[in-house]
Amino acid sequence: MNISLIIKIFLIFVSTTLMRCGGPKTFQVPPQIPDDRNHVPPPKSKSIHTYSEYFDKQIILQIDEAVDLARQYRNLTGTRKEAKNVDAFGEIPNSSWFTNRNGQRKMTLEEIKRGSNKNYGPDTSDVWVIIRAKTEGVTPGFSIRDSRGDTYLIKFDPLGYPGLASGAEVISTKLFYAMGYNTPENYVVYFHPRRLELSKNVKLTDKKGRTRFMNQQDLEEILSGIEKLPDGSIRALASKLLDGKFIGPFRYKGVRKDDLNDFIPHHHRRELRGLRIMAAWLNHFDTKDGNSLDMYVTENGKCYVKHYLIDFGATLGSASHGPNHLWRGYQYDVDPGNIIGNILTLGLYVRPWEKQKGVKYPSAGLFNAELFEPMKYKPQVPNPAFENLTLLDGYWAAKIVMSISDEQLRAVMKEGQYSDPEAEEFLFQLIKERRNKIGRYFFSRITPLDNFTLKSGTDGSQSLKFEDLAIEGGLHTDKETSYFYEIEMAPQQKLNIQAGEFSGDKSISLSDLQKQLFFDPGFGEYQTKNYQIEVRIKLKRAINSDWSQWVRVYLEPDITQHKFKLIGVSRKN
Amino acid sequence: MRTNQLFFTIIFIFTIYFPIYSQNLDSTASNSSQIDMAKVKELRSQYKNRTTWDQIFAFPGKLLFFPFKLILIGTKEAIIFIDESKIIPKVQDFLIADDGSRVAVPTYTSRIGVGIKYRQYRLLNPESRLSFLVMYGLSQRQRYAIDLERVSLLKDLFYSSYGGLYEKLTTEPFYGIGPDARKEDRTNYTREGVATKIALGVNIAKYTSFETLLGFELNNILPGRSTSSPSTDEIYESETLPGLDSEVKLAKIEFKLLYLSINRPGNPLSGFDARAKFGYFQQISDDQFKFFKYYFDVEQYIHLFYQRVLMLRIAAEFTEPLSGKQVPFYHLSELSEDRSFRGLNRGRFRDWDMIMGTAEFRYPLSRSLEAMIFADAGQVSSNIFENFASKNLEVSYGGGLRFISGGGGVTKLEMGKSKDGFLVKFTLN
């Protein structure tokens, strides 16, 4: 191949890239995302093999992505694909995957404490019949049916660590629910072993692969490895069986072909990409496909697949079967980058996480905020949706994380029912600091002006109001913040620019613009044609002298009402 | 139209037209209560993962990876099969008792081959163990051993051990005697031997024990089976190489002092593993061979910081025949036995005396995987005290990987470089 041919190919590549990057001059309102809760026939039930999934994510996926030149080019140029289920304001609609909760409307303390729970857990006053033994996962347990006929999966805390796994699971469940995900009902329960009754024909597959019927000795063996309270009772986590038909876990990549409502590739869904930040916050390192669940449910007269996140026993400082390992959150189980780095440095570089001190409180496990860096967090195995995270996905997730106030967090912590108040306070402070780190990271990279609304006065004059999420989240104050705005007509006709700097009241008056564009005869042509108004705003904090990047808010005129309507927000620069 | 003009036209269409078309997300989906396949296809097409430009640009890498991906997918399916059929738990059930009193582990050494080591713990007393070893390799190399160890006597005052061994090592290398033995002079022989032992030991202090061992061994040297070098008996005579061609029966008595303070077996972080051994060997039914052997071996593990370990080792062995007597050549002190010199072949240097040292640095790479770098140095001589010189030291250096299993077993891949070249050694358990 000669040089001139190579140059021609390169020029075409550059020109096509630039053309595609140029984009329209006006704000393109994305199409409405179709609702995915239509009535569909039930998909087939599927399972995922843990080990093969592990191999797939650790090896095949990593190499596949490494040789994907298009992907690597996007990574290098910082032009990763944005999520495909985003509206004009960067938000996502309610769906079978996600429901906008605390991020859009502050939940009451009662609501956030209750979470997804609909009652008070299994009836502990009567017999629990064991109907199934839990042989999957790393912690022992069994499924029971209580006197009301409800089925619960019972899981226990590791010996020597009271409340470690059960507390972490309940707290994380409620926080993930508050953030918008579908979660099971999880309860901390206390029961006496004499309440347990073994049903006939309960099958057990032991560690050696032998399947047989569970007997009393097996039950006693399980119970012997569990922490007991002074009165002989046991603390456990009771997870209520989800309503609907079990159809197996979902994958973080692609679509489920036999689910006719599934049309957006999962790794391009904002709620799954953004989950990386929420998972990092709560140290949910075990975000593999197997810790998800699709249920075929009936709601509002329609049958469709609802997607759940499950199994939060390995969150915060817990690894379910004991405290977290040192490396959790900092490297994958097989991390080629770290391995190569260690080989080249001959082990002389000690990573900060290796220097962590031991467990301070058994109930809290191994957890810290000092070493936490939101974008460097690594789950146990690579996750294809997480690897597609863009800054805007992260900002969306950070907004939701930051929406959880200290008061709400304290209320949720109480649901963990820790016997050691120092451990509870220790965890609270760490979760709070990690939350704030997420806020500081993303709000310094994406201008955190959000929740734009148009307010009308009695005289019909409008003002554009907004919130500064960093101030709302307590990271900055009004005193140290000033804003600057410009108003321009799109496409980029610098028509009578209105601009100004202000602080305090987060509001921009549009009354002068209304008068000009709707009533001034000199602007008669704008009273009949379509156009957009771009209001761009940036901010500056006292701690640094640089202005942030613009946030662009787009308005469209409603000529009959002589008002503007909000059509979208852009944070792309 | 010229070919390359047509080519660029096609590229232009694919890179301009199709991306614009595919980015047109003008959805016509409605929110009807039930969805049909046509609508599903339409939606999936509109929200599809990759544009045509993406697919073209990604194609070369995908194409290169494709054959490897097939292999990896095959591996994944094999993992699913193994997991579903529960082969591993069933084999473990067969090999390992529920209470851990019975364990069988696979083993491999480059000297013999593959094998299985079976142990029954707590047979006669809590510390006792009965071991069986069966190993087999290429060229009919084999080893079978049975050992009953740490049997308590006189209410735990003493402990005793008993053992028997049969081995046939068919390609044992011999390069000559002395520090000047050349790689090109390699020959090989077969050593077939039977050995038995009875030992009596006593714990004399914390970490310290003393053992007395009585043993018997019978060795036959036969022609070597390797075709890559001549058989030793073709190059040497039994007059010049004592022990060649004759059935040699030896009785031995050994005294061993052991000091073991390592913090954990298999993969220690700190402590000492030291042994000193003095033995006397005498031929039975003949008077040709009578000799002493003195052996010292001290390993120190130093935990430097955060799982980084420095291992220092010094070992020496002295063989001394009684006046007018001889030593079978295979009992001479050897620089590169199994445990010692990496980077040199087995049996590379033999003489009366041997001294060697090792420095090894181990550090973690990830969970269960460690790397190590090492340097070995050593020398053989007819009299090491007179002839030791640093310039005569044989040196090898290199690195490797260590995989630590949950049960504490260690699998090693070591690569050493010496004047003889580059050698790779793999060891399992």
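Glu185(A) is buried, with a relative accessible area of 7%; buried means under 20% relative accessible area, exposed over 50%, and partly exposed in between (1.4 Å probe, protein chains only). The side chain of Glu185(A) meets that of Lys118(A) in a salt bridge at 3.9 Å, N to O, a salt bridge being a side-chain nitrogen of Lys or Arg within 4 Å of a carboxyl oxygen of Asp or Glu. Lys118(A) lies in the loop between α4 (109-114) and β1 (128-133) of chain A and Glu185(A) in the loop between α5 (164-179) and β4 (186-191), so the pair ties together parts that are 67 residues apart in sequence. Lys118(A), at 66% relative accessibility, counts as exposed.

This is a predicted model, in which local features need pLDDT of at least 70, side-chain atom pairs count only at pLDDT 80 or more, and totals for chains, interfaces and linings use all residues. Residues are numbered from 1 along each chain as its sequence is written, chains are lettered from A and ligands numbered from 1 in the order in which they are written, and side-chain values use heavy atoms, with hydrogens and water left out.

**Further salt bridges**

- Over all chains, the whole structure holds 69 salt bridges.
- One of them pairs Asp54(B) with Arg74(A) at 2.6 Å, N to O.
- Asp54(B) belongs to helix α3 (residues 52-85) of chain B and Arg74(A) to helix α3 (residues 69-77) of chain A, so this pair joins two chains.
- Asp54(B) is buried at 4% relative accessibility, and Arg74(A) is buried at 14%.
- In chain B, Asp376(B) forms a salt bridge with Arg342(B), with the closest N and O atoms 3.1 Å apart.

**Strands of chain B**

- Strands β5 (residues 158-174) and β6 (residues 187-205) of chain B run antiparallel and are joined by 14 bridges; strands (E, at least two residues) and helices (H or I, at least four) are DSSP runs, numbered from the N terminus, and two strands pair if DSSP finds at least two bridges between them.
- β6(B) also pairs with strand β7 (residues 208-223) of chain B, in the antiparallel sense over 16 bridges.
- β6(B) and β7(B) form a hairpin with 2 residues between them, and Tyr207(B) in the turn has a positive phi of about 70°.

**A helix of chain A**

- Helix α11 (residues 421-443) of chain A has 23 residues and reaches 32 Å from its first C-alpha to its last, close to the 33 Å expected at 1.5 Å a residue; the expected span is 1.5 Å times one less than the number of residues.
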